[in-house]
Amino acid sequence: MNCLNTRTQMINFQKALKSHIYVDKSGLIGPMNERIGTDDCYICITRPRRFGKTVNANMLGAYYTKGIDARSLFENLQAAVEDTFEEHLNSHNVIYIDFSRMPENCSSYADYISYIKEKLYADIKDAYGMGRDSYRTLSDLLVAAGESYIFILDEWDYIFHRKFIAASEREEFLVFLKGLLKDQPYVELAYMTGVLPIAKYSSGSELNMFSEYNFMNDHIYEDYFGLNENEVRRLCSGSDKVSYEELAYWYDGYFTSRGTHIFNPRSVSMALNDGVCLNYWTESGPMNEVAECIEHNVDEVRDDIVKLIAGIPVEADLDGYSASQLQLDTRDAILSAMVVYGFLSYYDGRLHIPNRELMEKFQRVLTRDSFGAVKEVVDRSKEMLEATIEGNEEKVAAILEEIHDREIPCLKYSDENSLSCVITLAYLYARKDYWIEREFETGKGKCDYIFFPKKTGSPAIILELKMGSDSGTAIKQMKEKNYAQKVKEYKNVLLVGIAYDKKKRHTCTIETSYAQPEIPCS
């Protein structure tokens with residue numbers, strides 16, 4: 001058998017349990033049990049890639065599937081204390097379909113859907129001795145079998161990301177799912193997962209029986225996907241290679257509706273296994289989707305992206321991600337899509353780039369031709385870094401003048417955030433050779449930027465911005481507050497003061513500095 005009552009999900013879940021970084025999410029089983037056999041038995045939970053969807057789907061398959069004995073897998077997990085645990089343990093027919101599985105050399109939708117249907121027909125024949133000849137559809141055959149089923153459908157939208165599928169075939173696939181599931185007496189529970197919500201594709205009533213829960217509207221199941229702060233801390237307690245602080249810097253940045261911090265589990269897992277923090281999640285999928293989202297309407301979201309890369313939250317009132325936004329032709333649609341994909345985090349009406357892992361991807365987006373004048377500014381950022389290291393104050397100020405005069409709204413100064421956007425673009429190239437921290441806590445205040453060099457021998461750079469003042473004042477502040485103490489391990493430290501005054505325009509002062517010894521309080 002391929003889909004009906006297989007041992008595959010139990011085997012896969014057993015492997016997950018053996019991992020030294022497994023986190024118990026079996027609490028999801030209780031809420032699912034409550035929906036079995038009710039009018040609310042259709043659930044679609046969508047999350048970005050690698051946020052635990054398949055692990056949970058395998059867990060549910062292992063728990064519900066009739067004909068296997070998975071008790072030992074759950075006896076030490078949270079699910080075992082649920083009131084309904086015994087009632088449903090390995091007590092249901094389960095049809096599990098992983099829609100990301102394709103036949104070899106699949107090059108058409110017809111090949112794909114035939115592969116799925118043939119597996120189901122074969123399973124039903126093996127289980128009940130019933131052939132397909134006497135029945136027009138799969139649903140007719142399942143009704144005639146006289147049994148009830150829990151459907152677990154993983155990666156439901158996988159085929160929609162294939163280049164060979166046409167718009168009419170997407171609609172055909174929705175009709176297939178509707179016929180298989182909607183209002184069918186044999187459906188006890190339909191649990192479906194994917195990356196994008198059904199509403200993105202279904203403009204009619206094909207799958208309107210599903211309750212959908214995604215990054216923007218899930219107040220019920222949000223604790224079962226991703227890792228929270230306490231879970232990550234517990235995992236770190238068993239590692240002597242990667243600290244919690246490192247993991248938080250790289251992979252924290254998402255939030256539940258209550259404001260709980262959520263980490264990307266794929267990246268946390270890989271970092272703990274490898275003993276080093278790198279880009280893991282963003283390399284596991286086509287991150288060109290970031291650019292594709294933006295480029296549908298680059299003018300409307302360009303300034304938002306520049307602000308976000310500068311570390312400035314963007315306020316937005318996002319209602320969700322509906323079928324009317326399929327074309328991604330408005331600012332709200334694009335930003336909503338990026339939240340659903342996991343490219344942005346959204347909490348309390350404000351958007352952020354979640355973490356360093358994604359920040360590096362967004363920075364690359366600014367180098368694309370579609371960003372026009374922004375790209376032209378970025379193209380000069382290597383020259384800006386070189387002028388700074390050379391101590392060429394006049395050239396630094398001149399480049400800033402040119403950037404400010406561009407027809408880019410977010411670079412027209414109204415506050416210090418606008419100046420920060422200019423600095424972000426002007427020094428984008430520097431991010432290849434430096435870790436750049438904005439509003440870095442020094443103990444005596446926050447300096448605007450610190451550039452930590454990746455290469456031995458390169459100077460550390462401390463950069464302070466001033467609006468309505470002069471660059472000398474910025475240098476004075478850095479010295480008085482001894483900002484250089486934070487980079488005292490570097491032999492060469494540059495203090496860079498940048499100011500904008502409506503009369504004098506931009507000014508720049510660059511000095512070499514060394515950290516002063518800390519004076520203990522008496």
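Helices (H or I, at least four residues) and strands (E, at least two) are DSSP runs here, numbered from the N terminus. Residues are numbered from 1 along each chain as its sequence is written. The model is predicted, so local features need pLDDT of at least 70 and side-chain atom pairs count only at pLDDT 80 or more, while totals for chains, interfaces and linings use all residues; side-chain values use heavy atoms, with hydrogens and water left out.

Asn482 is placed in the loop between α20 (471-480) and β15 (493-501). Is Asn482 buried or exposed? Buried means under 20% relative accessible area, exposed over 50%, and partly exposed in between, with a 1.4 Å probe and protein chains only. Asn482 has 8% relative accessibility, so Asn482 counts as buried.

Next, the strands. Two strands pair if DSSP finds at least two bridges between them. Take β1, residues 42-46, which is mostly covered, with five of its five residues buried. On one side these are Tyr42, Cys44 and Thr46, and on the other Ile43 and Ile45, so that both faces of β1 are covered.

Which strands does β1 run parallel to? One of them is β4 (residues 187-194), joined to β1 by five bridges. Within that pairing, Thr46 has Gly194 of β4 as its bridge partner.

Two open sheets come next. In the sheet with the order β6-β8-β7, three strands pair in the antiparallel sense. Its edge strands are β6 (227-228) and β7 (254-255), each pairing on one side only. Between β6 and β8 (residues 261-263) there are two bridges, again antiparallel. Asn228 is found opposite Ile262 of β8.

The other open sheet has three strands in the order β9-β11-β10, with antiparallel pairing. Here the edges are β9 (314-315) and β10 (345-347), and each of them pairs on one side only. Two bridges connect β9 with β11 (residues 350-352), and these strands run antiparallel. Across from Glu315 stands Arg350 in β11.

On to the cysteines. A disulfide is a covalent bond between the sulfur atoms of two cysteines. The rule applied is a pair of cysteine sulfur atoms within 2.5 Å. How many disulfides does this rule give? The count is zero. Cys106, for one, is in no disulfide, and the nearest cysteine sulfur, in Cys3, is 15 Å away. Cys106 is buried, at a relative accessible area of 16%.

Now the aromatic rings. A pair of aromatic rings is described by the distance of the centres and the angle of the planes. Rings of Phe, Tyr and Trp (its six-membered ring) pair if their centres lie within 6.5 Å; planes under 30 degrees apart count as stacked, over 60 as edge-to-face, and the rest as tilted. Searching the whole structure gives 25 aromatic pairs. One of them is Phe13 with Tyr22, edge-to-face at 6.1 Å centre to centre and 75 degrees between the planes. Phe13 is buried, with a relative accessible area of 1%.

In Phe99 and Phe173, the ring centres are 5.5 Å apart and the planes are at 90 degrees, so this pair is edge-to-face. The pair links distant parts of the chain, 74 residues apart: Phe99 is in the loop between β2 (93-98) and α6 (109-128), and Phe173 is in helix α8 (residues 167-181). Phe99 is buried, at 0% relative accessible area. Phe173 also counts as buried, with 0% relative accessibility.

There is also an aromatic cluster, formed by Phe13, Tyr22, Tyr63, Tyr64, Phe74 and Phe85.

Last, the charges at Trp435. A charge sits over a ring if NZ of Lys or CZ of Arg is within 6 Å of the ring centre and within 35 degrees of the ring normal. Arg356 has its charged end over the ring of Trp435, 3.3 Å from the centre. Lys454 lies over the face of Trp435 as well, at 4.1 Å from the ring centre.
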